Each structure stands twice: as C-alpha cells, then as structure tokens.
Amino acid sequence: LGSFVNTTGTRIDGKFTDAPCDGLVVGTAEVHGRRVMVSASDFTVLGGSLGIQTMMKTAIPMQMAAEWGIPIVHLLDSSGGRLGYREVPMAGIDWQFRIQSRFSGVTPQITVLMGPCIAGGAYLPTLCDFLFISRVSGNMWLGGPRQTQAATSEVIDRNVGGADYHMQLSGTCDVVGDDDEETILQCREMLRYLPSNYREMPPQWERTDSPDREVKVLEEIVPDDVDQTYDMHEVIKVLVDDGEYFEIKDEYAKNLICCFCRFDGRVVGLVGNNPKYPGSTLEVNTCDKYYRFLQVLDAYNIPLVNLTDTPPVVPGESEEARGLIRHIGKILDVYATTTVPKIGVVLREAYADAG
C-alpha cells in the first residue's frame, strides 16, 4: 500500500531528496493463516525518519486495519522526526496518535522494535497493546543520549533505553528477543493467542490435552507449610494444555505472572502470584502490570483465571508514597468493569487486598 509515495518536503537548503515509499513499507500478509497489516520502517531511506507522508502511511493503514478487522504489526526502526526539512512533521503526528488511540482495543496493535525510537516516535509503541524489543538493536528514549547530553550535559549510560532496561526497570517492554529474528518469531507466536478483532473470539487450538486429567504432582509442587516458597511457573506448566504458555513482562514485577495459555484448546489469560519472590502481594509495579493485562483480556474476549497465593504483607511507607492506593484502584476499576469470565483459585492464602 502506498508504494508510489515519496517525500513531499524539501530540505531547508532548498534541495529535494528522493525518498522511495517515504521510508515506510506497508502492506497486508498472512500469519498462521490469518490476514495481518504490517507497517515496516525502512532505515535505508533517510534513516527511516518521519515525514508528512510517513505519518499518513502510518495512520491510514491503522484505520484500514480497524475497518477490515485485522491486527496491525509495526516493525519499527526509525531515527525519529525528519529534521532539517521545510515540512513540519508535527502536523501529522497528532492525527496519527488520535487514530491509534481511537482504535485501541478494536484490533490488536503490536510493535516490534528493532532500532532507535526517539521522542515523538516513541509514543507509537507505548500506545500499542504489546511491545517487543530486540536486545541487539532496539532502543527507546524520550531524549536520546546525544540529545540529552547536548541539552543538559548529562551523560546517559549506553544501556539506558535498551530492551532489558525497558523490561526490568520501566516495565514498558512486554517481550525481549535475543536478536531481530527471534523477536519477530515471538510476535508471530503471540498472534496465535489473540483474535483478529474485538468482535471475534481467540482462535481455537487443537485439543491435545484432556481437561479431565488429574494433576497429583501439585501436591509436591505446592508445600502445605505457608512459610515455604515455590515457583508458580511450575504450577502453570502442569495445569495448562501441553505445559505451554506465553508470558509477558517476565522480568518486571516478578512477584506476579501474567501469561496467555490454553485450557481444552481455548485461550485464557492467566494471572498468578509467585511466592518465589518476596512480597507476592500487590505493590505499585505489580498493579500496573496486572491492570494493563486485564484491559487487553477485556478488549479481546479472553477469559481470566487467577491463581492466588499471597502472604499477609502490610504495605510500607515507600509504597504508600508511590501511590499504592491509587494503583490498586486501577485494578478494582478494570476488574469490576471487565465483561469476560473471571475464575479465581486460591492455592494457600489470600490475604490483604490481593484476596
């Protein structure tokens, strides 16, 4: 789509630059037999920078995807706004974000970040349902290292803004891949758990695991003594179909697990406390991780299963100062208004607000 588009702007020195496709390749393709819209930056054209036509080519396919009821995947590798040109990129970026926000929850929106992502360009991945980042090539900043140093003299560590940084510290990233290829393959795998749009149910998988089977090994995994810890991942593996699940934010707020899995071939969103890590009750980062996942489940008709096992931990002053009550309020609001089936299983304890 838009293969004949070129830049409409000239440089401030008056020279015209040839920019095939204006640095963005857009089209439809099939992933696991289903139609998907793909928008891919072309870094070989002006560093994949954003001009007016780039903005149009980003926004219009998002609207098309919503109208056609298909997911959209952004393969992002862009140097950001196209500076030094007479046209003003901001004249289109606000419209692009309006389109993206308006159709949030209508069809899945996913970004696979495999290059730099700076300033205004960094909003697109954060507005998506999910963000995948390649460890070897993806970086995202509001202000890049050189820009920040020029403005404030602050020298930012080269690890700031990378995949692990946004996974472990900011919680912005959902999945990290070791390289570009692995990151794209992980995105393909996630699409198997999501419907094409909000009007549909997630794809039904082949039923390969009997829902009537006994799981006696749980007696060994979960200790009777509440002072003993265990890894909730081991519980999930024996409960779900074929032991397969797709976890998001696995290195962020590790005391809570959020993942997609299957029961009797049907896709389910599973949330579980993880006693392996101290304080498996709710805290600020856990709340953000949880309510964001709930929003996706509610948007795309995916039932929720809670595995609860939380110790009686009383929040301290540091969590109160960070606004714990406000963050728990987010969960209360989304949980109460979510229309998908919700099933709760208490394994040992359900104390405090997590109960």
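Author: One term to begin with. Buried means under 20% relative accessible area, exposed means over 50%, and partly exposed lies in between. By that scale Asp288, at 24%, is partly exposed. Keep in mind that this is a predicted model.

Reader: Which residue does Asp288 form a salt bridge with?

Author: Lys330. The closest N and O atoms are 3.4 Å apart. Lys330 sits in helix α11 and Asp288 in helix α9, so the pair ties together parts 42 residues apart in sequence.

Reader: Is Lys330 buried or partly exposed?

Author: Lys330 is partly exposed, with a relative accessible area of 25%.

Reader: How many salt bridges does the structure hold?

Author: It holds 17. One of them joins Glu234 and Lys237, with 3.7 Å between the closest N and O atoms. Those two residues are three apart in helix α8, so about one helical turn separates them.

Reader: Which residues are linked in a network of salt bridges?

Author: Asp241, Asp242, Glu244 and Arg262. Separately, Lys254 and Glu251 meet in a salt bridge at 3.6 Å, N to O.

Reader: Now the core. Which residues touch the most other members of the largest nonpolar one?

Author: Ile110, Phe130, Phe132, Met190, Phe246, Ile248 and Phe260, out of 38 residues in that core. The elements giving two or more residues include strands β4, β6 and β10 and helices α6, α9 and α11. Helix α9 gives the most, with eight.

Reader: What does Phe260 touch?

Author: Leaving out residues up to four places away in sequence, its contacts include Phe130, Met190, Tyr193, Phe246, Phe293 and Ile302. There is also a second, separate core of 14 residues, and Met232, Val235, Ile236 and Leu307 are among them.

Reader: Back to α11. Is Leu324 buried or exposed?

Author: Buried: Leu324 has a relative accessible area of 3%. Leu324 lies in helix α11. Among its contacts beyond four places in sequence are Leu282, Val284, Cys287 and Pro315.

Reader: Change of topic. Which residues form a nonpolar patch on the surface?

Author: Met56, Ile60 and Trp95. Together they have about 230 Å² of accessible area. Met56 lies in helix α1, residues 52-68, and Met56 is partly exposed at 34%.

Reader: What span does α1 reach?

Author: From first C-alpha to last, α1 reaches 24 Å over its 17 residues, close to the 24 Å expected. Its buried residues include Ile52, Met55, Ala59, Met62 and Ala66. Gly69 follows α1 and has a positive phi, near 75 degrees.

Methods:
Residues numbered from 1 in each chain as written. Predicted model: local features only at pLDDT ≥ 70, side-chain atom pairs only at ≥ 80, totals over all residues. Heavy atoms only, no water. Patch = residues over 30% accessible without salt bridge, like charges linked within 9 Å, V, L, I, M, F, W, Y side chains within 5 Å. Areas by Shrake-Rupley, 256 points an atom, 1.4 Å probe, with all protein chains shown as cover. Salt bridge = Lys/Arg side-chain N within 4 Å of Asp/Glu carboxyl O. Helix = DSSP H or I, 4+ residues; strand = E, 2+ residues; numbered from the N terminus. Buried < 20%, exposed > 50% of the residue type's maximum accessible area, 1.4 Å probe, protein only. Expected span 1.5 Å × (residues − 1). Core = buried A, V, L, I, M, F, W, Y, C linked by side-chain atoms within 4.5 Å. Contact = heavy atoms within 4.5 Å.
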